[in-house]
Amino acid sequence: MKRTSLGDNIQGREVLLPARAGYVGLTLLVALLFELAPLPRWVAWAWPDFVALMLVYWGVHQPHRIGLLTAWAAGLLMDVAGGALLGQHALAYGVLMYGAIFLHRRIRMFPLRLQAAHVAVLLVAERCLQLLVRLAGGEEFPGFAFFGASLSAAALWPLLATLVKVPLRARASEDV
């Protein structure tokens, strides 16, 4: 009988050292640069919110390293950089981070493809909150393509979760 594997650190298959604050900051900076990349209109609807995705990653995998204040600050930075209604991303990212930290043990129990489903729900909820703020601010409904970014970001979750852990694995194997 084949035994199914659980999440990345439940069975002890993988030992990772805690990420340093500089590494967390670097990943968030790279995510911000990806987010601010100029895109043609036909690609923009499906371009993932890399900042939100990276916040979820750190909220799930190292909730003691990053918290609501970091999410709020990243959201304010995104509001200013993108010319959005001030507080729109900040509120959404704060609620997103709360959800990621609240569910971090549950999410980590699953394999990456099922983690992606949980992440999709968190990201769609974050986009719904942004949409509510926009609608309250007088904007029109942008259409259901507005949620394409959340779904494409969730599809990237397995790749992101694998790539971000690479430096942490290398350091852990050197110490053994």
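I take helices (H or I, at least four residues) and strands (E, at least two) as DSSP runs, numbered from the N terminus. By that rule Met-97 lies in helix H5.

**Ground rules**

The model is predicted, so I note that local features need pLDDT of at least 70 and side-chain atom pairs count only at pLDDT 80 or more, while totals for chains, interfaces and linings use all residues. Residues are numbered from 1 along each chain as its sequence is written, and side-chain values use heavy atoms, with hydrogens and water left out.

**Confidence**

I looked up pLDDT, the predictor's confidence in each residue, from 0 to 100. The chain has a mean of 87, and 89% of its residues reach 70 or more. Residues 1–9 have pLDDT below 50. That stretch still has 22 contacts in the model beyond near neighbours in sequence. A contact means heavy atoms within 4.5 Å. Where pLDDT is low, the predicted coordinates should not be read in detail.

**Overall make-up**

I found nine helices and zero strands in the chain. From the N terminus on, the elements run α-α-α-α-α-α-α-α-α. I call a residue buried under 20% relative accessible area, exposed over 50% and partly exposed in between (1.4 Å probe, protein chains only). Buried residues make up 42% of the 176 residues in the chain. I also checked contacts between residues at least 6 apart in sequence: 69% of them join residues at least 24 apart.

**Helix H5**

H5 covers residues 88–102, 15 residues in total. From first C-alpha to last it reaches 21 Å, close to the 21 Å expected at 1.5 Å a residue. The expected span is 1.5 Å times one less than the number of residues. Which residues of H5 are buried? I list Gln-88, His-89, Ala-90, Ala-92, Tyr-93, Gly-94, Leu-96, Met-97, Gly-99 and Ala-100. Their cover includes helix H3 (50–61), helix H4 (68–82), helix H6 (104–108) and helix H7 (112–136).

I then went to Met-97. It counts as buried because its relative accessibility is 1%. Leaving out residues up to four places away in sequence, Met-97 touches Leu-55, Gly-59, Ile-66, Gly-67, Leu-68 and Ala-71. Met-97 and Leu-55 are 42 residues apart along the chain, with their C-alpha atoms separated by 6.6 Å.

Tyr-93 came next. Leaving aside neighbours within four places in sequence, Tyr-93 is in contact with Asp-49, Val-51, Ala-52, Leu-55, Ala-71, Ala-74, Gly-75, Met-78, Glu-126 and Gln-130.

**Nonpolar core**

A nonpolar core is a set of buried Ala, Val, Leu, Ile, Met, Phe, Trp, Tyr and Cys residues joined through side-chain atoms within 4.5 Å. The largest one has 35 residues. Leu-55, Val-56, Trp-58, Tyr-93 and Trp-157 have the most contacts inside it. Helix H1 (21–35), H3, H4, H5, H7 and helix H9 (157–175) each give two or more residues to this core. H3 gives the largest share, ten residues.

**Aromatic rings**

Rings of Phe, Tyr and Trp (its six-membered ring) pair if their centres lie within 6.5 Å; planes under 30 degrees apart count as stacked, over 60 as edge-to-face and the rest as tilted. I searched the whole structure and got eight aromatic pairs.

Tyr-23 and Trp-58 have ring centres 5.9 Å apart and planes at 90 degrees, so I log the pair as edge-to-face. Tyr-23 is in helix H1 and Trp-58 in helix H3, 35 residues apart. Both Tyr-23 and Trp-58 are buried.

Tyr-57 and Trp-157 have centres 5.9 Å apart and planes at 50 degrees, so that pair is tilted. It links helix H3 to helix H9 across 100 residues. Tyr-57 and Trp-157 are both buried. Tyr-23, Tyr-57, Trp-58 and Trp-157 form one aromatic cluster.

In H1, I found Tyr-23, Val-24, Thr-27, Leu-28, Ala-31, Leu-32 and Glu-35 buried. Thr-27 has a relative accessible area of 8%. Beyond neighbours within four places in sequence, Thr-27 is in contact with Met-54 and Trp-58.

Leu-168 is in helix H9. It is buried, at 2% relative accessible area. Not counting residues up to four places away in sequence, Leu-168 touches Leu-16, Leu-17, Pro-18, Ala-19 and Tyr-23. Leu-168 and Val-15 are 153 residues apart in sequence and 8.8 Å apart in space, C-alpha to C-alpha.
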